[in-house]
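I opened the file and kept notes as I went. Each entry says what I looked up and what came back.

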2 protein chains.
Amino acid sequence: MSTTVVGVDLGGTSIKAGLVDSRTGLIRSVANPTEALEGPEHVLDRVAQTIRELDPEHGYVGIGIGSPGAVNLARTTISSPPNFPRWHKQNLSEALQQRLGRELPILVENDANVAALGSAHFGAGRPYDHFIMVTLGTGVGGAIIVNNKIFRGSTGGAAEIGHMSIDYEGPVARSGVAGAIEAYLGQRFLSRHARDRLVALPPSRIHEIAGEGLRDLTPELLYEAAIQGDTNAVEIFSWAGHKLGCVLASAVNLLDIRKIIVGGGQSAAGDLILEPARRSIMRGVVPALREGVEIIREMRGNDIAQLGAARLILDELA
Amino acid sequence: MSTTVVGVDLGGTSIKAGLVDSRTGLIRSVANPTEALEGPEHVLDRVAQTIRELDPEHGYVGIGIGSPGAVNLARTTISSPPNFPRWHKQNLSEALQQRLGRELPILVENDANVAALGSAHFGAGRPYDHFIMVTLGTGVGGAIIVNNKIFRGSTGGAAEIGHMSIDYEGPVARSGVAGAIEAYLGQRFLSRHARDRLVALPPSRIHEIAGEGLRDLTPELLYEAAIQGDTNAVEIFSWAGHKLGCVLASAVNLLDIRKIIVGGGQSAAGDLILEPARRSIMRGVVPALREGVEIIREMRGNDIAQLGAARLILDELA
C-alpha cells in the first residue's frame, strides 16, 4: 500500500512543497516566495498556504519540513534560522497544525540533514548505507548518514562540518572559530580571498567580468571565468578544494565513513573544487581507512530536499 | 540472575584478565607478561594460560578482549597491532576457542573502544549516554560512545582522533597526516618538542633531571619537573593542552557530543594538559553547541579495560 505525504523545503527565498507518494516519488510540486522579511507569522501563513495549494483535499498523512537553523531533539522547533529576521524559537509543528486545522504528524529537520536523507533514498547516496554530506552554498553545511538514518548527536546539532578547523591559527569564520573550513569556502570568504589574490595578478578574463576593482566578484563569476579557461580562477577553486579535502580527511578519520557526497549551489563548481579535494583527502586520511574513500557529487537538483523532507515522515510511519 | 564473563586487557607488555560478575563487577584478576617478542603463537598461548589461571573451572560464559590494532567488523580478528612483531591478521576468537577446547562467545574490540565502554559503565562516563573518549599514551587514541554503545563507523575503525589534523600545513605524524594531533601530543613528538624548546632556555629543574643535552627527557620527567614548579615544563604541557582543545572542538562540532573523557597514561599530567584544553575547546566549538561542553578526566585505573572487555560479552548476551 502506498502512502502520500508532503515534503517542504523552507528556504530563505522560496518555499517549495512537494506531494510525495511512498512508492512512486514526487507527484507534483508548488513553489512560492518566502517573503522572510515580513516576519515569522507571515512566513508560517505562506507555508500553510503553499501546502493548501499543493493539495486542497488534504490527502496526505503527514508533513516533513527541511529548514535552516538549529532543530530541537523532538524535531518540532527551529531556532534562529539565518536570513529569517525576528525568528527566535518557532514550533513549526504546532503553528502549522493550527493553520491547517488538522492534527497530523509534522516533523522538522535541518536543511542539510534533509538533503542528505533525500540523497540517501533518491540521489547519489542510494548505493551507500553510511555517508557524509557536505553542502556548499552561502556557508558550508553538513550531515552524517549512518545506516540510512540521520546521525543527530546528543541534541540534534551534529555535522557542523563548516565549523571544523583545518588550522588552529587560521582565519576566523563568522562563528568565531579559527581556521573553520567556512572561513575558506563560505561564499563571502571565497570571494574575499579571490579578490585579494586577483588584485595583484595581471588582468585576465575574471578582471573583465567582475567590474571595477573586482567589486562584483562572486563564486558564480569565478566559475564562469574558470570554464572559459581563466587559469587564475581555476587556481582559486583548486586552493579551496585542497582545503575541503583536508577537513573531510579529519571527518573520515573520526567517523570511518568513507563516502562523501557534495551538494549545494557552489558544488556547481564541480570538479574544479572536487578534483583537488580528492587528492588532498587521501593524504589526510590515516592509511588504514583509505580504501574506498570517495568524494561524489550529488547531481540531483532541488527536488531532493522535498523528497528528503517527505522521507522524515515516511521513516516515522514505517 | 548474574552471569560471569572474562575480560582480557591485551597490552604490549602485559596480559591482564579479570573475572567479572554482571551484577557485582570484578571478582578477581590475573596478570602475566605478554612476551610479545616471541611472536603471535606464543602470545596466544599466554592469553589462554592467563585465562586458565584466572578460572580453572571455566565458570564463565564468554570472553571479551581489548587489543591494540584494527579490529574487523565481526569483532573476531585483529590486524597489525603496533609493538606485536610478526602479527598480521589473527583471528583471536578461533585461536582461543581452540586453545581452551571450548566453543563460547569470544569478542575482540580495539583497546580505546574497550576503555570507553568500561568508562561508560564503571567510570567517569557513567552519567552520560554519549561521550568522546581520548586516551593519551604512546599515541593518541579515541572512541565514540553513542547511547552507551561503541560507535564503530562503516568498518569498525571509527574514532581515529589521533589522526585528526589541527593544521593542514603542520608537522607530519607517523601516519603521514600533516598536523595530526598525534604529531603534537604523541609521547615521542611531545618529548621532541620539549627538547627543542628547552635546549634554548636557561637551565631549570628539568635540565637537571633529564640528563646531558636532555637526552632522557620523557613526558613523565616533564611531569615531575612541572609539579616541582618548573615553569618551562608547565608551559610545554600548556602548549600541548591548547592543541588538544583545538582538535576536540572539531570533534564536538562534527558529532554534537559534548562530554569528553580523557584517559590513558599521559593523562596523569592531568590538569596541566586539561586546563588549557578546557580553555581552547570553548573557542573552537560553534556557539550553538557550547552549552554543556566538558572535558573530564577518567580517574579509574587499569581495571577499567578488563571491565570494558567483559562488557562486550554482557552487551551481546543482553
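**Entry: the two chains**

I note before anything else that this is a predicted model.

**Entry: strand 1 of chain B**

I looked up strand 1 of chain B, which covers residues 4-10. The strand is mostly covered, with 7 of its 7 residues buried. I sorted the residues by the way they point: B:T4, B:V6, B:V8 and B:L10 go one way, while B:V5, B:G7 and B:D9 go the other way. Both sets are buried.

Next I looked up the partners of this strand. Strand 2 of chain B, residues 14-21, runs antiparallel to strand 1 and is joined to it by 7 bridges. The link between these two strands is a hairpin of 3 residues. Strand 4 of chain B, residues 63-67, runs parallel to strand 1, and 4 bridges join the two.

I followed B:D9 into both partners. In strand 2 of chain B, B:D9 stands opposite B:K16. In strand 4 of chain B, B:D9 stands opposite B:G66.

**Entry: helix 5 of chain B**

I looked up the span of helix 5 of chain B, residues 187-198. Its 12 residues reach 16 Å from the first C-alpha to the last, close to the 16 Å expected at 1.5 Å a residue. Which residues of helix 5 of chain B are buried? I listed B:F189, B:L190, B:S191, B:H193, B:A194 and B:L198. I then asked what these buried residues pack against, and noted four helices of chain B: helix 4 (182-185), helix 6 (205-209), helix 7 (219-227) and helix 8 (231-255).

**Entry: A:L222**

I moved to chain A and picked A:L222, which lies in helix 7, residues 219-227. Is A:L222 buried or exposed? Its relative accessible area is 1%, so A:L222 is buried. I left aside the neighbours within four places in sequence and listed the contacts of A:L222: A:A194, A:L198, A:I206, A:L217, A:A233, A:I236 and A:F237. I also looked up one pair that is separated in sequence: A:L222 and A:Q187 are 35 residues apart there, and 11 Å apart in space, C-alpha to C-alpha.

**Entry: rings**

Last, I looked for charges over rings. In chain A, the charged end of A:R102 sits over the ring of A:Y60, 4.9 Å from its centre. In chain B, B:R102 lies over the face of B:Y60, at 5.0 Å from the ring centre.

How values were computed
Residues are numbered from 1 along each chain as its sequence is written. Chains are lettered from A and ligands numbered from 1 in the order in which they are written. This is a predicted model: local features need pLDDT of at least 70, side-chain atom pairs count only at pLDDT 80 or more; totals for chains, interfaces and linings use all residues. Side-chain values use heavy atoms; hydrogens and water are left out. The expected span of a helix is 1.5 Å times one less than its number of residues. Buried means under 20% relative accessible area, exposed over 50%, partly exposed in between (1.4 Å probe, protein chains only). Contact means heavy atoms within 4.5 Å. Two strands pair if DSSP finds at least two bridges between them. A charge sits over a ring if NZ of Lys or CZ of Arg is within 6 Å of the ring centre and within 35 degrees of the ring normal.
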